Amino acid sequence: MVLKSNGLGQSEKAADNLQTLFDQVTSTNKPGFVRILTDEKNWSESKKWGETLKSKYKQLVLIGIGGSSMGARALANYRYSDEILFLDNIDASEINHVWNKIKANLNTTGFLIISKSGESLEITSLIEVLQKMCASVQVDFFKQCFIISENKKSILTELSLAKNIPLIEMPQDVGGRFSVLTPVGMVIAQYLGYDLEQIRRGGLSVLDKKSELLQLASELIVQIQKKADLFIFWSYSSQMRWFNQWLSQLWAESLGKTKTLNQKPAVKIPWIVPMTGCSDQHSIYQHVLESEQSKYVILTQSLEAFPEISFQKPNLAFYKDRGFKITDILSAQRTGTAKALAEYKIPVTEMLFDKYDDHAIGFMFVWFEVLTAVLGHHLQINPFDQPAVALGKRLALENLELN
């Protein structure tokens with residue numbers, strides 16, 4: 001990975017504290033999402049259960065929401081896989097759509113239920129509906145289920161015992177949005193044919209990129225101090241569409257707080273905006289360049305050439321008799337965007353990879369998890385809780401008279 005910045009400002013004041021915090025997060029006081037990188041059980045269990053699911057089922061329905069789904073969706077999108085269908089909303093039209101896709105092949109469809117708490121309203125609702133749908137065609141839904149959850153008393157662990165459903169344990173010291181390299185994401189990765197060891201090595205290699213990560217953290221701190229409005233993560237590959245969404249949750253739930261650890265008012269954190277390639281150059285680019293909001297932009301792209309995806313003798317006069325690789329055209333778009341942002345005095349960093357492979361995706365997950373944790377600690381924000389989320393859940397239960 002190469003990090004290129006247009007150099008519009010780093011925080012020298014923050015440097016020493018960021019160094020200390022990086023060392024704490026990655027070694028002396030490491031959180032669960034870093035600990036699991038060297039936890040052999042985490043990786044062997046993920047591999048075992050991924051292989052089990054692959055041997056039994058041609059397709060999966062993943063029933064999960066938020067951190068229980070986003071990472072797996074990012075992994076499926078990264079491989080452009082259609083082997084997994086996702087139910088992460090209690091939208092009747094989507095449930096019906098998924099059902100229509102699986103009902104003719106129910107015997108070769110597995111159901112993977114994921115919930116850290118084991119108590120989610122959305123997940124329990126989906127279980128009830130799918131169980132009823134399967135029963136209507138004489139299929140025992142529960143016999144084709146697997147559960148990933150914390151091994152503690154909950155609705156899902158009790159269901160696991162009552163229906164003899166395999167329970168794949170989720171580590172209790174890893175928060176949901178940080179859980180992609182636990183069985184929450186790695187069972188799916190194994191099912192999809194990823195090399196888990198390469199993902200793990202990619203994650204561990206973040207520890208060797210301390211100076212680059214702290215450079216980015218320092219630039220973000222400058223923008224936070226300037227009360228920037230937007231943090232834009234702009235991936236130039238369609239492979240990264242759902243990674244963008246995963247990052248949006250990680251950033252928003254971890255850093256969007258009103259109070260510091262000392263119960264003082266927290267600083268304003270820029271709102272995160274995910275963007276994808278040329279698509280968004282033709283949608284919200286104008287707003288990015290000329291709106292009044294202040295921004296910080298990260299552009300990312302794989303530089304893999306794909307020489308076979310090219311043309312040598314164009315039929316269209318537009319190309320002036322010249323041939324191109326499609327990847328060169330995409331790179332020209334990205335570099336043009338970087339130059340345009342610089343002309344508008346918008347800070348931009350380019351995060352470039354030789355190739356988007358299994359090592360790279362592991363790297364990116366851990367890079368942004370560590371970056372988020374370090375920023376949170378520096379700003380005296382707890383990056384591992386989400387106190388406001390509980391309010392909406394409680395009010396929904398009140399509306400349904402279930403509390």
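Residues are numbered from 1 along each chain as its sequence is written, and side-chain values use heavy atoms, with hydrogens and water left out. Because the model is predicted, local features need pLDDT of at least 70 and side-chain atom pairs count only at pLDDT 80 or more, while totals for chains, interfaces and linings use all residues.

**Salt bridges**

Let's start with the charged pairs. Side chains of opposite charge can pair when their charged atoms come close. The structure holds 21 salt bridges (a side-chain nitrogen of Lys or Arg within 4 Å of a carboxyl oxygen of Asp or Glu). Three of them are set out here.

| Salt bridge | N to O distance |
|---|---|
| Lys116 and Glu150 | 2.3 Å |
| Lys257 and Asp385 | 2.7 Å |
| Arg334 and Glu350 | 2.6 Å |

Lys116 and Glu150 form a salt bridge. Lys116 sits in the loop between strand 4 (109-114) and helix 6 (121-135), and Glu150 in the loop between strand 5 (145-149) and helix 7, so this pair ties together parts 34 residues apart in sequence. Helices (H or I, at least four residues) and strands (E, at least two) are DSSP runs, numbered from the N terminus. Lys116 is partly exposed at 22% relative accessible area, whereas Glu150 is buried at 5%. Here buried means under 20% relative accessible area, exposed over 50%, and partly exposed in between (1.4 Å probe, protein chains only).

Asp385 forms a salt bridge with Lys257. This pair links distant parts of the chain, 128 residues apart: Asp385 is in the loop between helix 15 (358-378) and helix 16 (387-399), and Lys257 in the loop between helix 11 (241-255) and strand 8 (271-276). Asp385 is partly exposed at 28%, while Lys257 is buried at 12%.

Arg334 and Glu350 are both buried. A network of salt bridges links Glu40, Glu197, Arg200 and Arg201.

**Surface patch**

Phe306, Ile309 and Ile326 make a nonpolar surface patch of about 260 Å². Patches are made of residues with over 30% relative accessible area and no salt bridge, with like charges joined within 9 Å and nonpolar side chains (Val, Leu, Ile, Met, Phe, Trp, Tyr) within 5 Å. Accessible areas come from the Shrake-Rupley method with a 1.4 Å probe; for residues, only the protein chains shown count as cover. Phe306 is partly exposed at 38% relative accessibility.

**Backbone angles**

Asn164 is not a glycine, yet has a positive phi of about 55 degrees. Lys320, also a residue other than glycine, has a positive phi near 50 degrees. Asn164 is exposed at 69% relative accessibility, and Lys320 is exposed at 69%.
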